[in-house]
Amino acid sequence: MAGAYDSALDVCLGDDSDVSAAIDRVISSYGPSPSPANEVLVQSMVRDVEAAGVIFSRDLSTGAPYYAIAYDDESKRTDAVTGGFGAHKALYLHHSVTEHALRSTRVQSMLRLVRAVEHATGCVPIDIEFAIPTDGEPVLLQARRMPTVSKWNGVGGQRITEILSEIEPVTERWLEPKPGIVGRRSILGNMTDWNPAEMIGMAPRALAFSVYQRLVTKEVWRSSRGSMGYRQLPANTELMASLAGRPYIDIRASLNSFLPRDLDDGIAERLVDAEIQRVDAHPELHDRIEFEVAPTVLDFTTPLQLSTNYGHALRKDDRDLLLVFLHGLTRAMLDPAAGGTLARAEQMIRNLAAEQSAGPHKPWLSSENWARPRTLLGVLDTAQRGTFAFAILARHGFCAEAILRSAVARGAVAPERVEQFKKSIRTIAGDLTNSLFDVARGRCTPEDFFHLFGHVRPGSYDILSRRLDDRSDLFNSAASAETSTPEPFEASAGETAALNRLLAEANLGIDTRTLLEYAQRGIIGREFGKFVFTRNLSDFLEGLAAWGELHGFDRENLSHLSIEALSDLIEQNGHVDRSAIAARIEIARSSWNETHALRLSYLIRSIDELYIVPVHRSLPNFVGTRRVEGPVVVITNDGPSVSLHGSIVCIENADPGFDWIFTRGIVGLVTQFGGANSHMAIRCAEFGIPAAIGCGELLFHDIANARKAEIDGALSSVRVVA
């Protein structure tokens, strides 16, 4: 009954009436007919609190062998964590952790406390509250049995320890030096670069992981950048690691892929080492390395940023040479001609879209050959052509965003004017939203809408996520507002002159009009590229579901079937050994359950962080400058079920399949994952909806559990109101 009863604080011991009133108040909170066996606990009041918090001796959700610690050392209150006041710090410690492995003496004292209570209670799973006075050891305020024991999935502590031992050497190999890759060490992050935590989740099933790996992180990420003038990396260089099924990006490899192709190895090594050091010192930057860590293009602040951030690692002549290479790279990217990489990628996507239009809407229903592993893998190969083009278009979108941000930083244009410019751009996602409005008002049939947009699903790589054309309630409660037409944007004379001066200073060879046209093409191309390649991806998942139905496997089973397993079927000439497949699925499901019980950090900088897991408090990426306030509604992949009008919507993994929320009259958006240039950031900018993108686990949890929240883009603030 945690939190069910009153606590009376600061009761005066010398005042009998005060003591009596406090006891009566507590007893009255027990209810109308309290048991005579109930007791009132009386404790000394702890003064001069330096920190206070809560420790679970097991993971609350799974029972895994972790000490889960949450504490506040800022408010000086004893109830800041339990009462949900403000931000707090959190970490998980595996039960095998020793005191000397912890750098913080304060955390060492917390570990001593929980172990002492465990010893006294016979290692019963416990929930304790504590306070640390400024001049002493932690004070135990209360201890009780954890209430969630009956809901744990049964993954034993010994198995968790074994898994951690198994991934130690795997982690070591990713962190240590690698041939053909500059940088003495690496860091692994789950939201860096291609953002796997956002796209497939922190603990994806085998199918989603393997599809994402095949389409993006095995080869496309590297070859697409190499085709644009970035460093050519060795052919076997992969971007995404698997630590017991959890996806992590090799940040060193990512940083290598952003180096200009011909940059000297010595300069490249010193730069990457300094960039890794910067992420190590500022972990909140791990999901924005393209803007805050790595110079991926020459923008209007690059020289200053190189000097400020990396002047200690690179000599001036090194920085000057790097700027020369970045200049050549950027001018090539800004080339609007048909031979430029932007135009070629646009053409590739148009060609793929034309191929799709020539085929049936639901091809897996039109041919039995579709429900065969070889055909299905061919569909993925087609999707990979799309991800290659999309990767180039997305890089151009990032380039444009970096240049526009630097123009704001140099005072050439105001941030609200950049916001207006983005709102003037009509993307394919805007077409989807307007078509939803049209169906709701009878101007468009559901069949026509589904023919164009039916393949979109909230979880692009998740076979359990329903497509739009599988959602009977999609058009329910659609907003009655008219379809939106973006207002044209034209730079003022002052903005044009200021931007032209900066472009001439950087010698980028274009004027303001060309820059804005380039940015518009990058934003539109990125969204259209994702829309096109995900059609093949979505069709693959539906075709796989049809194959599974033929052989008695539902979608949940198939979600644990990797691409490698499908490839094995092809090698067996298509023969389906149902019992063998079922066994592989069961093994994968068991591994996935174990993966969920693991606690791993957002960043892994050393082997110790497999066992000591800080929960990083991410800095959100804010969209817009307005302040909005509204009731909080949490949305999942299950789709629309409640009215969203006037609400601030919380979505854990934002994806194009959630675009329907923009037809519901929402006033703000909060996501746990996502970057400054993510899909939802672009959509919110397009609609002028304030958003806090990529809040991280702690802040997102606080907002999602609030009744009302506020987003203030001007102050870069998102907070609980009630």
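**Close-up views of a predicted model**

**View 1. Strand S14 and the directions of its residues.** In this predicted model, strand S14 covers residues 668–671, with Gly668 and Val670 pointing one way and Leu669 and Thr671 pointing the other way. All of these residues are buried. In a regular strand, side chains alternate between the two faces of the sheet.

**View 2. Strand S14 beside strand S13.** Strand S13 is made of residues 648–651 and pairs with S14 in the parallel sense. Four bridges link S13 and S14. Within this pairing, Leu669 of S14 has Val649 opposite. Leu669 is buried and points the other way from Gly668 and Val670.

**View 3. Strand S14 beside strand S15.** Strand S15, residues 691–693, runs parallel to S14 and is joined to S14 by two bridges. Val670 has Ala692 in S15 as its bridge partner. Val670 is buried and points the way Gly668 does.

**View 4. Helices H13 and H14 packed together.** Helix H13 spans residues 373–409 and helix H14 spans residues 415–423. The two helices pack with their axes 9 Å apart, at an angle of about 150 degrees. H13 is therefore roughly antiparallel to H14, as the angle is over 145 degrees. The crossing of H13 past H14 is right-handed.

**View 5. Residues in the contact of H13 with H14.** From H13, Glu401, Leu404 and Val408 take part, and they meet Pro415, Val418, Phe421 and Lys422 of H14. Sorted by class, this contact of H13 with H14 has five nonpolar residues and two charged residues, with no polar ones.

Key: Residues numbered from 1 in each chain as written. Predicted model: local features only at pLDDT ≥ 70, side-chain atom pairs only at ≥ 80, totals over all residues. Heavy atoms only, no water. Buried < 20%, exposed > 50% of the residue type's maximum accessible area, 1.4 Å probe, protein only. Pairing = 2+ DSSP bridges. Axes fitted to C-alpha atoms, helices over the stretch in contact; angles between N-to-C directions. Parallel < 35°, antiparallel > 145°, perpendicular 65-115°, else oblique. Left-handed = near helix turned anticlockwise from the far one by under 90°. Contact = heavy atoms within 4.5 Å. Nonpolar A, V, L, I, M, F, W, Y, C, P; charged D, E, K, R; others polar.
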